[in-house]
Amino acid sequence: MSLLTRDEAQTRSRLLDVQRYAVDLDLTTGDATFASRTRVHFTARAAGDTFIDLNPARLTAVTLDGTPLDPAALDGNRLPLAGLAPGPHELTVEADMAYSRTGEGMHRFTDPADGETYLYTQLFLDDARRVFAAFDQPDLKARFDLTVTAPPHWTVLANGTTTHHGDGRWSAATTPLISPYLVAVAAGPWHTVRTEHRGLPFGIHCRRSLAPHLDADATELLDTTTALFDRYHEKFDEPYPFDSYDQAFVPEFNAGAMENPGLVTFRDSYVFRSAVTDAERCSRAVTIAHEMAHMWFGDLVTLTWWDDIWLNESFAEYMGYQTVAEATRWTHVWTDFATGRKDWGYDADQRPTTHPVAPAPDSVPDTASALLNFDGISYAKGAAALRQLTAWLGDKDFLAGINRHFTRHRFANATLADFLDNLAWATERDVHTWAADWLRTSGVDTLTAHATDTETPTGTPAAPTWQLTVDRDGTRPHRITVTTWDHTPGGPPARRDHLGLDLPQNQPLTLPGHRPDLVVLNDQDLTYAKLRLDPTSWTTALATLATLPDPLTRAVLWNTARDLVRDGELAPAAYLDAARTHLPRESDLAVTTGVLGFASRHVADVYTHPDDRPAALATLTALCRDLLRRTEGLSTEDWTRGQGGAHRTDAHPGLRLVAVRHFIDSATQPATLSAWLDDGLVPGGPTLDPALRWRILHRLAVLGAVDEAAVDAELAADPSATGQEGAARCRAALPDLDAKRRAWDAMFKDDTLSNYLFTATAQGFWQPEQTALVRPYVQRYYQEAPDLARRRGPAIATAAGAAAFPAYAVDDEALSLGRAALATDDLVPALRRRLADQIDDLARALRVRDGQRNTTG
């Protein structure tokens, strides 16, 4: 399959002006393919040759300006259009297109709960060609007219409002000018809840088997959506540019969501069928806000080429968090960003594959390289950089610049240079230099605090003073907040200073009094940098962390501890001890969730030497017991109120749920978990819902305490899609050679697993407790993953490099195998990028383990 290059896209854009597509899809032609008929109206600005993108199962007919073309001329996924004369043209393409099971193109899913089938499109980044013929690049915008034939009992959703004409025939309102990758269709017997807001129809949709769960959350979902919609209209001068706002929760979706104008698609795990924490509800609200921001950043104004993807993602990420904080009850959402999102950017930025937020155009020569930049840098780091930009510019000038950007480029395309020019118009500050420092560079700066008492000559009556110096390892300017604290015996630390500081400092700051007990750099997390505390501050932090009054301050300090572990400067056991000490007194759920997640997934599972793993799990188990004791005595009313989002700092139901989850994951003996499963509840609550039952069964499978018959029985009780995934995860986790062989063959040989079932099987296969059992598969992974990635495409290639990677084989032999695999030339880009990241993480884990053994042994 040929990749579209940047040079080809520029050439085609200079030659063509595309006005309109008429796309007709027939979804009633069978289970394997659907019929696609596309009529494209375009103008050639000069005589020349070009091509249209198409990836059919079978190309049946092509007509250009009334003259048939030979379907055999199709070259891979390109249909040549030779000898175009200047002027208008009409191209008609008829083809049979293949349904997808990997979340790319037109994905087809049959719900095991009731046998109903659902279809939806995911055309990003260059997958429009899997559904209809298209000049598939972002700067060839056009209007789209869509018609669909579907089974009579189905509903069809699209970018614009849809009309049913009878007999399963639907049409959608003509879109404004949009890029081909933003076209969307979702068809099936959807369950729908509708409302109207500001004169526009709003709808939320899911498959029928999830209807009770969507209905239970419909008020929260619609209230959140309309509150965010109103806040964006207060921020942005340009009104919402489309005729409706639908949100469809679709099965087996590869991403969190996709910003199709007028029809946002979300992974349907956001329709909560089991208990969730309020932090997870907040995360869903952020995703809603993120995709809504894209209606302006990405849909109204679209990047010209994929090197500027940050213009879409970084802005939507920043606006999502900021607008949730402004418009919803989740006013402390930046704590969630600090503890659960920003680490994605920090980790990506310290690997060899790092890149600038705004990479140079020549570093994104084609669509495959563009896809690799959808990572923690384009999302989390970019959002953090924009948060720093608003701290530097001020909200007023920042909003003035982006509103000018919208007005000047509405329904068109724009570049980084365009954006910077619009910001520069709104401020006297040098935004071009700021962008060069922040957006055109890679890596993480490190800020280190030095606090010393000022020496006063003997006999001098002057009051004591102290000096603060901040060293900067890096090149970026930073505007940060610094707070200082004094330890108060028997009580929480007392804040002394609250300082705004621009780095680099020209000279040390001299402040009154003796040096404080704790100096916190980047309090409120306004910049993007790693931090190092002076020794006195670190000692004070370890003693008082849970009692600092602001959760964002605590999040900054926990992130510092996280960085110290990753850099080999803090022993993994010391991090676990700090968690055991402070989390039982932590009042913020996002902080608790973030710390426990790192402690479990990274510290205990990867960074801890196998000899020390039992002690690490014992610490986690004891910590979870402490949290469970803290939340004892919650009534049913408490649980119900907690799931609706009532915030309790003393005994939050979400805290108990987090504790239960991590207790399950860290259990080393099956007795307690088996008793919970048999009883159907945790003593004192909660009752086990499907998610908790599958979680317990998975851990029991890892420990060898259940067999396949138990998995089959659980699946019979929960035959849903998530039940199928849970069963696949459990079967692959059984410590049995035959179970491992079957799981491996399902992933790497038969090529029938959907994207979700592939990932679930991979998640079960590799376990820290089973490294010896699956040792032979480490070498097989590097032998077989490249062929799998070539056969099944980018989505499975990405999953193969992520969930299917042998992450728990942390030794020199595994590292050598990985490096040898990277040295070959036969890796598809999606797999190569994932392997490069994973192998660097593996090398880091080895360094941490070696340092740990050298220190403790």
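Buried, on this tour, means under 20% relative accessible area, exposed means over 50%, and partly exposed lies in between (1.4 Å probe, protein chains only). The model is predicted, so local features need pLDDT of at least 70 and side-chain atom pairs count only at pLDDT 80 or more, while totals for chains, interfaces and linings use all residues. Residues are numbered from 1 along each chain as its sequence is written, and side-chain values use heavy atoms, with hydrogens and water left out.

**The whole chain**

Along the principal axes, the C-alpha atoms fill a box of roughly 100 × 70 × 55 Å. Of the 857 residues, 59% are buried.

**Helix α8 and its partner**

Next, select D349 and K381. Their closest N and O atoms are 2.8 Å apart, and they form a salt bridge, that is, a side-chain nitrogen of Lys or Arg within 4 Å of a carboxyl oxygen of Asp or Glu. D349 lies in helix α6 (residues 342-349) and K381 in helix α8 (residues 377-393), so the pair ties together parts that are 32 residues apart in sequence. K381 counts as buried because its relative accessibility is 1%, and D349 is buried too, at 3%. Now colour α8 by accessibility: 16 of its 17 residues are buried.

Move to E220 and R284, which meet in a salt bridge at 2.8 Å, N to O. E220 sits in helix α2 (residues 211-235) and R284 in helix α3 (residues 278-294), 64 residues apart. Both E220 and R284 are buried.

Then try K530 and D567, a salt bridge whose closest N and O atoms are 2.7 Å apart. Here strand β28 (residues 530-532) supplies K530, while D567 is in the loop between α13 (551-566) and α14 (572-582), 37 residues away. K530 is buried at 8% relative accessible area, whereas D567 is partly exposed at 26%.

For a network, select E708, D712, R731, D738, R741, R742 and D745, which salt bridges link together. The count for the model comes to 64 salt bridges.

**The nonpolar cores**

Finally, look inside. A nonpolar core is a set of buried Ala, Val, Leu, Ile, Met, Phe, Trp, Tyr and Cys residues joined through side-chain atoms within 4.5 Å. The largest has 249 residues, and those with the most contacts inside it are L25, F42, F135, W310, W558, Y575 and Y781. Helix α15 (residues 589-607) gives this core its largest share, ten residues.

Which residues does F135 contact, leaving aside its neighbours within four places in sequence? Among them are R12, L16, Y21, F42, F51, L81 and P180, where contact means heavy atoms within 4.5 Å. Your last stop is another core, apart from the largest one, with 29 residues including Y120, L125, L303 and W305.

Terms used
Helices (H or I, at least four residues) and strands (E, at least two) are DSSP runs, numbered from the N terminus.
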